[in-house]
Amino acid sequence: MLVVMQEGATEPQIQAVIDRLVNMGFTVHRSTGVRHTVLGGVGPLENFDPADFEVMDGVKECHRIISPYKLASRHFRPGGTVVRVGNVEIGGDKLVIMAGPCSVESKDQIERTAEAVARSGAAVIRGGAFKPRSSPYSFQGLGEQGLELLRAAADRHGLLVVSEVMDHTQIPLLAAYADILQVGARNMQNYNLLRKLGELRKPVLLKRGPAATIEELLLSAEYILAGGNYDVILCERGIRTFESYTRNTMDICAIPVVKKLSHLPIVADPSHGTGRRDKVLPMARAAIAAGADGLLIEVHCDPDHALSDGAQSLWPDQFAELMGQLRIIASAVGRRL
Ligand code: PEP
Ligand code: MN
């Protein structure tokens, strides 16, 4: 349930509502907005009367939330969530572009790619050190050495780092090197991992599973939020359909749907969404036009020799071209780059 406090409700009034919720067995999540404080009560109780809360001092309204996710719901933070990492804000006016190779492969590769994406205006470098590959014989990533290389290249170019965590035992290692921990599509429903990430106080980039509905994506986010980690960034990365021309089907419409249902920021990954370099620019443009808060894009200094996902990785000059196009689209939809 959600209790929306009146504008100007006092701290004692807010506390009285919290105390009552706690006494009834609810876990309380507080969202302090510019105008209203919203208290989200998550608990086993189904049959309570919202009117009991509506008559309390300082309360504006109380709603039973019928959607299966509560904290991920737009009602919890009607004004939307801005995730702050260093001096970067994800979910604000400014679009955030995360770019880099699929995998960290070598010092030279990550350095050249970091230099290129930073020069074009990316704020975050991506790069996997632990790679979830369909085949056990494919390149699996450099592990901790990859994280070291990624961090050093990012620091040299003033970039933040996003990198994938494949299971809960890797969280401390990833948290030591990365600013944002990525949960890959294959792990969207790894509930042990999600629960542990709820205990972390670092942003999580949660990718939509290849066969997950939007509701399932938001329920996975709910696992992280329920642990008290509210810094979740969603990512649309294409879903598996009957279409086989592209690697996945880029579900652009998921972006406005998520924006309506949830307060969480959402970025788009047109690299995995299409699997083809020549389709990345149009889908990136479409995602920003559709309201995405940013992009996750694979860029490689030498994609023809990439150890993973070369066919969908942009050349640095294609990435630069895309950034120029995005500036124009951003201003058309009231955003900045
Ligand atoms: C990746 O970002 O490189 C990746 C493995 O993506 P996904 O989990 O979306 O397949
Ligand atoms: Mn990849």
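Author: Let me begin with a side chain: that of Asn248 reaches the backbone oxygen of His272 at 2.8 Å. A polar contact here is a pair of N or O atoms within 3.5 Å; within protein, one must be able to donate a hydrogen and the other to accept it, and residues adjacent in sequence count only if both atoms are side-chain atoms. Please keep in mind that this is a predicted model, in which local features need pLDDT of at least 70 and side-chain atom pairs count only at pLDDT 80 or more, while totals for chains, interfaces and linings use all residues. Residues are numbered from 1 along each chain as its sequence is written, chains are lettered from A and ligands numbered from 1 in the order in which they are written, and side-chain values use heavy atoms, with hydrogens and water left out.

Reader: Where does Asn248 sit, and is it buried or exposed?

Author: Asn248 lies in the loop between strand E12 (232-236) and helix H8 (254-261), where helices (H or I, at least four residues) and strands (E, at least two) are DSSP runs numbered from the N terminus. Its relative accessible area is 5%, so it is buried; buried means under 20%, exposed over 50%, and partly exposed in between, with a 1.4 Å probe and protein chains only.

Reader: And His272, what does its own side chain do at ligand 1?

Author: A polar side-chain atom of His272 lies 3.2 Å from an oxygen atom of ligand 1. For Lys207 the corresponding distance to an oxygen atom of the ligand is 2.8 Å, and for Glu298 it is 3.4 Å. Taken alone, ligand 1 exposes 290 Å², of which the protein buries 97%; these accessible areas come from the Shrake-Rupley method with a 1.4 Å probe, and for residues only the protein chains shown count as cover.

Reader: Which residues are around ligand 1?

Author: They are Cys102, Arg126, Lys131, Glu164, Gln182, Gly184, Ala185, Arg186, Lys207, Arg237, His272 and Glu298, each with a heavy atom within 4 Å of the ligand. This shell divides into two nonpolar, three polar and seven charged residues, on a scheme where Ala, Val, Leu, Ile, Met, Phe, Trp, Tyr, Cys and Pro count as nonpolar, Asp, Glu, Lys and Arg as charged, and the others, Gly among them, as polar.

Reader: Changing topic, how do the side chains of strand E1 point?

Author: In E1 (residues 2-5), Leu2 and Val4 point one way and Val3 and Met5 the other way, and all are buried. In a regular strand the side chains alternate between the two faces of the sheet.

Reader: What does E1 pair with?

Author: E1 pairs in the antiparallel sense with strand E4 (residues 59-63) over four bridges, and also with strand E3 (residues 37-42), again antiparallel, over three bridges; pairing requires that DSSP finds at least two bridges between two strands. Leu2 stands opposite His63 in E4, while Val4 has Val38 as its bridge partner in E3. His63 counts as partly exposed, because its relative accessibility is 35%.

Reader: Last one, how many helices and strands does the protein chain have?

Author: The protein chain comes to 11 helices and 14 strands, and of its 337 residues 54% count as buried.
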